[in-house]
Amino acid sequence: MDIHQADFVGSYPKPGLCPTDRRAEFAFIGRSNVGKSSLINMLCGRKSLAHVSNKPGKTQLLNYYLINEEWYLVDLPGYGYAKRSKKERRGFGKMINGYFLERSEMYCAFVLVDSNIPPQDIDVEFINWLGEHGIPFVLVYTKTDRLNQRTLDENLDKIRNKLLEYWTHLPQEFITSSRTGEGRDEVLTFIENTKQA
Ligand code: GDP
């Protein structure tokens, strides 16, 4: 699949207010600063469809993009932003959990994990929550261009081993870089196949 059209549709504060046309949705989520906006722009072949920013945690809404007039790419707010107040974090958790529990048109979540840093508890907690609730997801390792192959492999193994402390098998994964475009074809082909399944 190639993306020939990507239109911003709207930003919604809760899942009940999101589009009702029942098109397939693919959600993108990860820790603030994981490289989500860059990845979305890379996938869509745009420079600034999603806002790439140095201020993490700014997007606190469910952002919908209509792709090829066919399916929705949903850009969810980054989690784990330390500067949020407790109240903000509670509301945020409720919105994200509500999104995944309520949106039956959500085909698959892409959970972005930074390939450059050791396994983060907050990622593991979120992944475990998805798994426990039977929500379909895959992992997307980001910023893989920053490391040499050996260090990258070592780091990914640390992340995989952390997950294997909780799960008997690992989810499907994609190795990506928004800088080089690595992983783009694989992610788009996966979406194409999943949408039709
Ligand atoms: P978001 O907060 O998750 O949306 O993350 P951004 O897309 O804004 O990226 C956070 C920072 O990581 C920015 O400085 C990006 O330039 C950088 N970044 C994102 N993706 C990549 C990548 O694939 N390779 C490299 N080297 N840097 C990246």
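Let me start at the ligand. The shell around the ligand has ten polar, five charged and three nonpolar residues. This is a predicted model, so keep that in mind throughout.

Who comes nearest? Of the 18 residues around the ligand, the nearest are Gly35, Lys36, Ser37, Ser38 and Ser178. Which element gives the largest share of that shell? Helix H1, residues 36-44, with three residues.

Now the fold. The protein chain has five helices and seven strands. Along the sequence, the pattern reads β-β-α-β-β-α-β-α-β-α-β-α. The radius of gyration is 16 Å, and the globule rule gives 16 Å for 197 residues, so the protein chain is as compact as a globular protein of that length.

Next, packing. Of the 197 residues in the protein chain, 29% are buried. Then contacts. Take those with a separation of 6 or more: 76% of them join residues 24 or more positions apart.

Where does lysine 94 sit? In helix H2, which covers residues 86-102. Is lysine 94 buried or exposed? Exposed, because lysine 94 has 11 C-beta neighbours inside 10 Å, and the cut-off for exposed is 12 or fewer. Now look at lysine 14. Lysine 14 and lysine 94 are 80 residues apart along the chain. Their C-alpha atoms are separated by 9.0 Å.

Note on methods: Residues numbered from 1 in each chain as written. Predicted model: local features only at pLDDT ≥ 70, side-chain atom pairs only at ≥ 80, totals over all residues. Helix = DSSP H or I, 4+ residues; strand = E, 2+ residues; numbered from the N terminus. Rg over C-alpha atoms; globule rule 2.2 N^0.38 Å. Buried ≥ 20, exposed ≤ 12 C-beta atoms within 10 Å, placed from the backbone. Contact = placed C-beta atoms within 7 Å. Near = placed C-beta within 6 Å. Nonpolar A, V, L, I, M, F, W, Y, C, P; charged D, E, K, R; others polar.
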